[in-house]
Amino acid sequence: MANRDTPLIRNAWYVAARSDEIGRKLFSRQYLGISTVLFRKEDGAPVALQNRCCHRSFPLSEGKLFGDVLECGYHGFRYNTSGRCIAVPSQDRPPHNIGVRAFPVIEKKPFIWIWPGDPDLADAALLPHQEYFDHPDWAVNIGFLNIKGSYVHLHENLLDLSHLSFLHDKTFGTPEYARAPLEATVEDEHFEVWRHVECVLPPIYSRPLGWENEKAMRSSGSLFVTPGLHVNTGILKNLDKPEKMEKLQPMVKVAQLITPETNTSTNYYYAQCRNFCIDDGEMGAFMLKANQAAFSEDVFAIEHINRMQDTDQTPDFYEVDVPADRPGVAMRRHLKKLADAEAAKS
Amino acid sequence: MANRDTPLIRNAWYVAARSDEIGRKLFSRQYLGISTVLFRKEDGAPVALQNRCCHRSFPLSEGKLFGDVLECGYHGFRYNTSGRCIAVPSQDRPPHNIGVRAFPVIEKKPFIWIWPGDPDLADAALLPHQEYFDHPDWAVNIGFLNIKGSYVHLHENLLDLSHLSFLHDKTFGTPEYARAPLEATVEDEHFEVWRHVECVLPPIYSRPLGWENEKAMRSSGSLFVTPGLHVNTGILKNLDKPEKMEKLQPMVKVAQLITPETNTSTNYYYAQCRNFCIDDGEMGAFMLKANQAAFSEDVFAIEHINRMQDTDQTPDFYEVDVPADRPGVAMRRHLKKLADAEAAKS
Amino acid sequence: MANRDTPLIRNAWYVAARSDEIGRKLFSRQYLGISTVLFRKEDGAPVALQNRCCHRSFPLSEGKLFGDVLECGYHGFRYNTSGRCIAVPSQDRPPHNIGVRAFPVIEKKPFIWIWPGDPDLADAALLPHQEYFDHPDWAVNIGFLNIKGSYVHLHENLLDLSHLSFLHDKTFGTPEYARAPLEATVEDEHFEVWRHVECVLPPIYSRPLGWENEKAMRSSGSLFVTPGLHVNTGILKNLDKPEKMEKLQPMVKVAQLITPETNTSTNYYYAQCRNFCIDDGEMGAFMLKANQAAFSEDVFAIEHINRMQDTDQTPDFYEVDVPADRPGVAMRRHLKKLADAEAAKS
């Protein structure tokens with residue numbers, strides 16, 4: 001199954017950045033190991049090009065924009081937004097057929113998505129739909145974390161929330177979580193897990209809902225969507241005072257936007273969407289802060305694991321799987337299969 | 001002969017930590033490359049377990065103790081002090097026969113010793129005896145240093161004290177040292193060197209003894225005991241005023257407790273034992289400080305050597321040995337033989 | 001052609017240091033990967049020895065000088081200025097025929113040159129002559145930079161000054177530069193490029209000459225001399241007021257003294273020589289500062305390129321060459337040929 005050494009899946013949509021991070025100022029970042037420069041054309045459309053000048057490897061992100069033309073800051077090679085080199089200052093006409101890669105991008109606010117693989121396969125229809133991002137009944141908070149560890153471990157983390165009772169015992173976990181029965185769907189490319197936990201909700205939810213110290217049912221779903229997206233859903237029911245739910249079934253959807261930077265580092269955006277307190281900015285800020293604190297614990301875990309893999313020399317070590325890992329293991333086998341298929345094609 | 005690339009000797013006792021460093025708070029350290037967690041059971045007995053959870057490689061040292069049970073801080077796997085996994089929260093019964101390694105430990109104050117190799121070979125009788133640690137006629141000071149370099153070079157350093165005249169010329173060396181005749185015992189597993197040097201003692205000894213500016217005979221012995229222990233002995237005789245020795249023959253014993261962290265880093269405890277001024281805490285502190293200053297020079301040398309080995313590209317370089325290296329070279333051949341024997345068995 | 005992975009050219013003269021950096025205090029530096037110690041003998045002559053003691057790899061630069069004898073700071077091995085070990089304190093006579101390498105050095109103020117290769121091939125006649133260093137009609141400023149990148153990229157940078165219009169647009173470049181026609185000499189071991197640019201000179205020249213806002217002809221020549229030396233020449237003509245040149249044809253010569261530290265790091269001295277304002281120290285300081293600012297931009301570029309080569313994983317990337325690269329590519333082929341020839345001999 002996939003681990004941090006497995007080749008990354010290039011033919012997939014990944015979040016490149018928040019829409020508001022990309023403008024006329026050159027922005028550079030590694031996607032799946034590829035140094036990339038992003039900017040907006042004069043008409044506002046986002047562009048992503050290979051950042052490494054095809055001439056002498058200088059980063060184009062240190063160059064300058066002239067309209068929609070990107071000029072390298074070393075010898076002045078100029079590229080259009082397709083990546084084609086259209087001018088070399090030391091000669092009258094540019095060489096035929098040289099340039100840098102242009103990566104397909106799609107903007108779907110609040111994010112810009114990138115396809116780091118074969119542009120011919122970049123089908124906009126493959127972009128996962130997140131209906132709650134711009135739905136009037138939902139409010140969205142966006143957070144970001146960089147992880148010095150593999151995206152594989154983040155997907156696995158999100159698919160087995162039994163860790164909430166331990167890693168997150170001081171943030172959004174509760175003790176009953178790990179022992180709650182598990183409903184898993186493990187089929188072909190469908191990896192989904194649900195748990196229903198009777199508990200007093202952690203403050204991240206009980207406070208905005210006004211359900212503090214009241215017994216609730218917390219149903220949590222984890223759904224692997226693509227290598228670049230995982231969606232976690234929370235459905236919250238008040239068991240003590242069901243009347244509090246007359247008007248609305250409170251729900252949380254967290255889109256986990258997972259973009260490998262390299263095999264052992266990951267950019268991790270998340271969009272925390274809620275259908276309650278949607279006009280309460282203060283509560284929204286509280287929920288984002290609580291979420292960031294909890295997800296930072298996941299980063300802590302994944303970075304510790306990465307460091308352990310780097311440095312520990314325990315002889316004959318191998319990881320063991322338990323039944324609760326079945327969905328995660330199946331998902332990791334799927335990632336391995338995707339990687340193998342890409343390797344076979346190239 | 002052994003060098004920094006030679007596999008480390010696993011079947012031996014090494015000092016893991018000072019007794020007072022290990023308690024109910026989880027303590028983690030690498031021993032021979034193996035990430036290890038140490039703690040005390042409720043009855044006070046020390047325990048050392050493989051720190052890498054057998055499930056997803058999270059460090060157990062980031063978990064929690066419940067009585068004598070260690071719970072992983074990621075998914076709550078629980079281990080007993082034998083390293084056996086006795087509970088997995090997401091299932092009723094733990095899997096059969098999974099767990100982490102438990103390392104044999106022996107506490108012999110002021111240290112806790114660990115056996116990083118095959119537990120079946122961990123014979124307490126092999127633990128070297130340090131009779132002066134808890135002898136009423138001796139006082140003990142303990143120091144610690146971490147070295148970014150190989151333990152092989154530290155053993156060799158301690159077995160050839162001709163470097164006292166150079167590396168330690170400003171601390172506890174004197175100029176006559178390097179030229180003093182050498183009595184070496186090099187037999188099978190016995191590597192011992194003595195030098196008898198007529199000199200004015202350095203302050204580390206002359207000041208507590210009150211022998212400043214008096215001619216003395218300093219007899220220094222170096223004895224390789226095991227890969228984890230080297231003992232240096234100093235016998236000090238006052239030649240000018242022998243009457244000062246009527247009541248006591250002053251001696252110093254330094255147990256050098258050498259524990260490879262990795263092939264190129266070493267944890268280095270030492271116990272400086274003396275049979276004079278044993279009730280004079282101020283003099284003890286002075287001697288420890290002087291000792292730490294001198295041993296820091298050895299760390300300086302070994303780290304410089306390690307850096308040179310890392311970076312220097314002098315073509316066709318090889319180290320030459322001289323007659324004074326005979327004990328060191330024999331000791332390094334012995335370490336190589338031990339490593340080869342372990343490799344042959346595994 | 002040569003790149004950062006190509007073996008370095010050992011049989012050549014390289015600048016080791018400024019004359020005034022070497023004295024009776026031991027000075028250490030890597031030349032072509034070889035850790036080296038430099039000092040002056042009592043008679044003032046510079047000496048360069050392998051810095052790694054032949055006994056236990058301790059850096060001799062941490063030792064002490066006794067007259068012309070260098071004593072290792074670890075076990076006191078003593079070396080004469082030929083690198084021969086002449087004393088080992090633990091024995092009466094030194095071993096036969098042990099020692100460290102001595103590297104041929106030549107002092108030609110303001111620099112000391114070193115030959116890191118086969119001493120038998122170190123012909124003083126191969127030392128490139130810099131006639132303007134000690135000419136009464138010229139003044140010299142010396143600067144220094146360390147580059148975390150390959151010396152190959154620095155030579156190539158200096159041979160194609162079309163980058164002046166881009167990388168140096170805020171320092172000593174002007175916009176006309178990149179488009180100016182190029183006169184290239186590419187023959188055997190002769191790699192030279194000239195450009196003649198009509199422009200308003202940048203402040204580095206216009207201010208000391210008093211030609212601000214006056215049209216000038218700037219003729220710039222780049223000449224690869226050896227792997228360790230590149231010479232750039234500027235000939236400046238005032239087109240608006242030719243009378244300002246009646247007494248003197250202003251010229252700048254910059255000797256670029258390029259010494260690989262390792263394959264991916266370079267020590268970079270330069271001597272900026274001018275035949276105007278030679279007694280004006282303030283103007284000299286201004287010109288050196290302006291030069292240092294501009295050359296720091298080259299360091300910026302080369303370090304970015306090195307980092308890109310280290311980290312970027314763009315699939316199937318290769319650099320393309322354009323006609324303006326012809327001299328640089330030929331020079332890099334020459335470096336590769338020199339490296340191959342050295343490899344064939346050893």
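At the start of helix α1 of chain A, a side-chain oxygen of Ser150(A) comes to within 3.0 Å of the backbone nitrogen of Val152(A). Helices here are DSSP runs (H or I, at least four residues), strands are runs of E (at least two), and both are numbered from the N terminus. This is a predicted model, where local features need pLDDT of at least 70 and side-chain atom pairs count only at pLDDT 80 or more, while totals for chains, interfaces and linings use all residues. Residues are numbered from 1 along each chain as its sequence is written, chains are lettered from A and ligands numbered from 1 in the order in which they are written, and side-chain values use heavy atoms, with hydrogens and water left out.

Back to α1(A), which spans residues 151-159: nine of its nine residues are buried, so the helix is largely enclosed by the rest of the structure. Buried means under 20% relative accessible area, exposed means over 50%, and partly exposed is in between (1.4 Å probe, protein chains only). Among the buried residues are Tyr151(A), His153(A), His155(A) and Glu156(A). Met331(A) has 0% relative accessibility and so counts as buried. Leaving out residues up to four places away in sequence, Met331(A) touches His155(A), Glu156(A), Leu159(A), Phe191(A) and Phe224(A), where contact means heavy atoms within 4.5 Å.

Ser35(A) belongs to strand β3 (residues 34-40) of chain A, and its 10% relative accessibility makes it buried too. Its contacts beyond four places in sequence include Arg29(A), Leu49(A) and Arg52(A), plus Met308(C) and Asp312(C) from another chain.

Next come the interfaces. The size of an interface is often given as the accessible area lost when the parts come together. Here, buried area is that loss (1.4 Å probe) summed over both parts. Between chain B and chain C, about 2700 Å² is buried, 56% of it on carbon and sulfur atoms. On the chain B side, Phe166(B), Met308(B) and Phe317(B) lose the most area to chain C, together 22% of what that side buries. In terms of contacts, 36 residues of chain B meet 32 residues of chain C.

Charged pairs also cross this boundary. A salt bridge is a side-chain nitrogen of Lys or Arg within 4 Å of a carboxyl oxygen of Asp or Glu, and six of them are counted between chain B and chain C. One of them pairs Glu156(B) with Arg56(C) (2.9 Å, N to O). The side of chain B that touches chain C takes at least two residues from each of α1, α3 and α4 of chain B. Helix α3(B) gives the most, with seven residues. By class, that side holds 16 nonpolar, nine polar and eleven charged residues. Nonpolar covers Ala, Val, Leu, Ile, Met, Phe, Trp, Tyr, Cys and Pro, charged covers Asp, Glu, Lys and Arg, and the others, Gly among them, are polar.

Chain B also packs against chain A, with 32 residues from chain B and 36 residues from chain A in contact. About 2800 Å² is buried here, and carbon and sulfur atoms give 56% of it. Arg52(B), Arg56(B) and Tyr74(B) supply 28% of the area that chain B buries against chain A, more than any other three residues. The salt bridge count for this pair of chains is six. In one of these, Arg56(B) pairs with Asp321(A), with the closest N and O atoms 2.8 Å apart.

Over all chains, the search finds 54 salt bridges. Glu156(C) and Arg56(A) form one at 2.9 Å, N to O. This pair runs between chains, from helix α1 of chain C to the loop between β4 (46-50) and β5 (64-66) of chain A. Both Glu156(C) and Arg56(A) are buried. Within chain C, Lys241(C) and Glu214(C) form another salt bridge, their closest N and O atoms being 3.5 Å apart. These partners are 27 residues apart and lie in two loops of chain C. Lys241(C) is partly exposed at 34% relative accessible area, whereas Glu214(C) is buried at 9%. Finally, salt bridges with shared partners join Arg56(A), Glu156(C), Glu319(C), Asp321(C), Asp325(C) and Arg332(C) into one network.

Technical notes:
Polar contact = N/O pair within 3.5 Å; in protein donor to acceptor, adjacent residues only side chain to side chain. Buried area = accessible area lost by both parts, 1.4 Å probe.
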